[in-house]
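Look at the structure, then read the points below.

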Amino acid sequence: MQLPVAKPVPGLGGSFFTLVPLQQPPVLELLHPEEKAIWDALAAESRKREWWAGRIAARAALLAIDVENAALVRDERGRPRLVGAGTEDALVSVSHGRRWSAALAAKRSADVAGVGVDLVEPEDIVRLRKLASRFLGEGELDGVVDPELGLAAAWAAREAVAKATATGMWAFAMSRVHLDGFQSEGPHLEVDVPGARLAKLRLEDGTLLVGALADRALVDAARAIASQ
Ligand SMILES: CC(C)(COP(=O)(O)OP(=O)(O)OC[C@H]1O[C@@H](n2cnc3c(N)ncnc32)[C@H](O)[C@@H]1OP(=O)(O)O)[C@@H](O)C(=O)NCCC(=O)NCCS
């Protein structure tokens with residue numbers, strides 16, 4: 001099989017995303033031995049499939065920033081960790097849905113210390129409606145023309161920031177990140193935390209992809225809050 005082609009994320013210069021459909025049968029030869037060792041140890045078929053798809057999506061996104069032969073493994077808390085030559089300045093994030101796995105990659109730079117990506121698929125909206133009162137800020141979706149898209153974006157923005165700061169959803173992003181600029185059309189998406197740049201992309205099947213880049217100050221601030 002051919003690796004998917006990475007595309008630039010509109011509105012997030014320097015970052016590239018890829019998508020791998022989860023129906024794609026895994027081609028195990030494409031996994032790095034360290035990735036394959038983790039794949040072997042996974043029990044659930046669905047988890048094996050998304051693990052594979054996430055590695056392939058990451059491989060293709062990393063190629064767009066000139067990183068080859070990296071392995072995307074995980075640390076003891078499940079956070080993605082890149083190993084291999086040339087990965088020191090590479091940042092990557094992964095998200096899985098029911099239909100797709102996505103990856104976002106960017107080079108570390110003066111204003112990019114973390115990247116995060118999240119997918120919200122149309123099926124997720126029922127769960128998000130139930131969760132809305134637990135995470136939406138007061139008036140966060142006021143004036144939003146398409147409230148379902150706004151709700152999906154409000155959730156995905158938090159998850160993307162959670163990943164970009166590697167702090168998990170509950171310790172920081174869930175309560176501290178709010179939409180602060182949202183238009184239904186186009187990539188425009190802003191949140192109220194300094195140091196985060198976000199963009200959104202709507203796939204043809206209605207899936208929403210949100211990417212986030214976090215600067216060093218935001219990563220440090222989020223980690224300080226998460227460790228309290
Ligand atoms: C990090 C977090 C945000 C990931 O959530 P998730 O539901 O597993 O979401 P995704 O499928 O989008 O992302 C999975 C990927 O996140 C990455 N990840 C896991 N923990 C992470 C962390 N602390 N920081 C950065 N990335 C992390 C991994 O790469 C993982 O994929 P992999 O194990 O195949 O490598 C998680 O901490 C969390 O709190 N999730 C809440 C989930 C929820 O309630 N969803 C309901 C609404 S639909």
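How many helices and strands are there in the protein chain? In this predicted model, the protein chain has 6 helices and 11 strands. Its radius of gyration is 17 Å, close to the 17 Å that the globule rule gives for 228 residues, so the chain is as compact as a globular protein of that length.

**The chain as a whole**

- Along the principal axes, the C-alpha atoms of the protein chain fill a box of roughly 50 × 35 × 30 Å.
- Of the 228 residues in the protein chain, 43% are buried.
- Taking contacts in the protein chain between residues at least 6 apart in sequence, 58% join residues at least 24 apart.

**The shell around the ligand**

- The ligand has 23 residues around it, and those that come nearest are Pro80, Ser95, His96, Lys163 and Met169.
- By type, the residues of the shell are 8 nonpolar, 6 polar and 9 charged.
- At least two residues of the shell come from each of these elements: helix 2 (45-63), strand 5 (90-96), helix 3 (125-135), helix 4 (147-164) and helix 5 (168-176).
- Strand 5 gives the most to the shell, with 4 residues.
- Why does the ligand lie between domain 1 and domain 2? Both domain 1 (7-108) and domain 2 (115-221) give residues to the shell around the ligand, so the ligand lies between them.

- Strand 3 covers residues 71-74 and strand 4 covers residues 80-83; the two pair in the antiparallel sense over 4 bridges.
- In this pairing, Ala71 of strand 3 stands opposite Val83 in strand 4.
- The hairpin has 5 residues between the strands, and Gly78 in this hairpin takes a positive phi near 90 degrees.

**Arg158 in helix 4**

- Arg158 is found in helix 4, one of the elements that supply at least two residues of the shell around the ligand.
- Is Arg158 buried or exposed? Arg158 has 25 C-beta neighbours inside 10 Å, and a residue with 20 or more is buried, so Arg158 counts as buried.
- Which residues is Arg158 in contact with, leaving aside its neighbours within four places in sequence? They are Phe135, Met169, Ala173, Met174 and Val177.
- Met169, one of these contacts of Arg158, is also among the residues that come nearest to the ligand.
- Arg158 and Gln24 are 134 residues apart in sequence, and their C-alpha atoms are 28 Å apart in space.

Note on methods
Residues are numbered from 1 along each chain as its sequence is written. This is a predicted model: local features need pLDDT of at least 70, side-chain atom pairs count only at pLDDT 80 or more; totals for chains, interfaces and linings use all residues. A residue is near a molecule or strand if its C-beta atom, placed from the backbone, lies within 6 Å of it. Ala, Val, Leu, Ile, Met, Phe, Trp, Tyr, Cys and Pro count as nonpolar, Asp, Glu, Lys and Arg as charged, and the others, Gly among them, as polar. Domain bounds come from an automatic or database domain assignment. Two strands pair if DSSP finds at least two bridges between them. The radius of gyration is taken over C-alpha atoms; the globule rule is 2.2 Å times the number of residues to the power 0.38. A residue is buried if 20 or more other C-beta atoms lie within 10 Å of its own, exposed if 12 or fewer, and partly exposed in between; C-beta atoms are placed from the backbone. Two residues are in contact if their C-beta atoms, placed from the backbone, lie within 7 Å.
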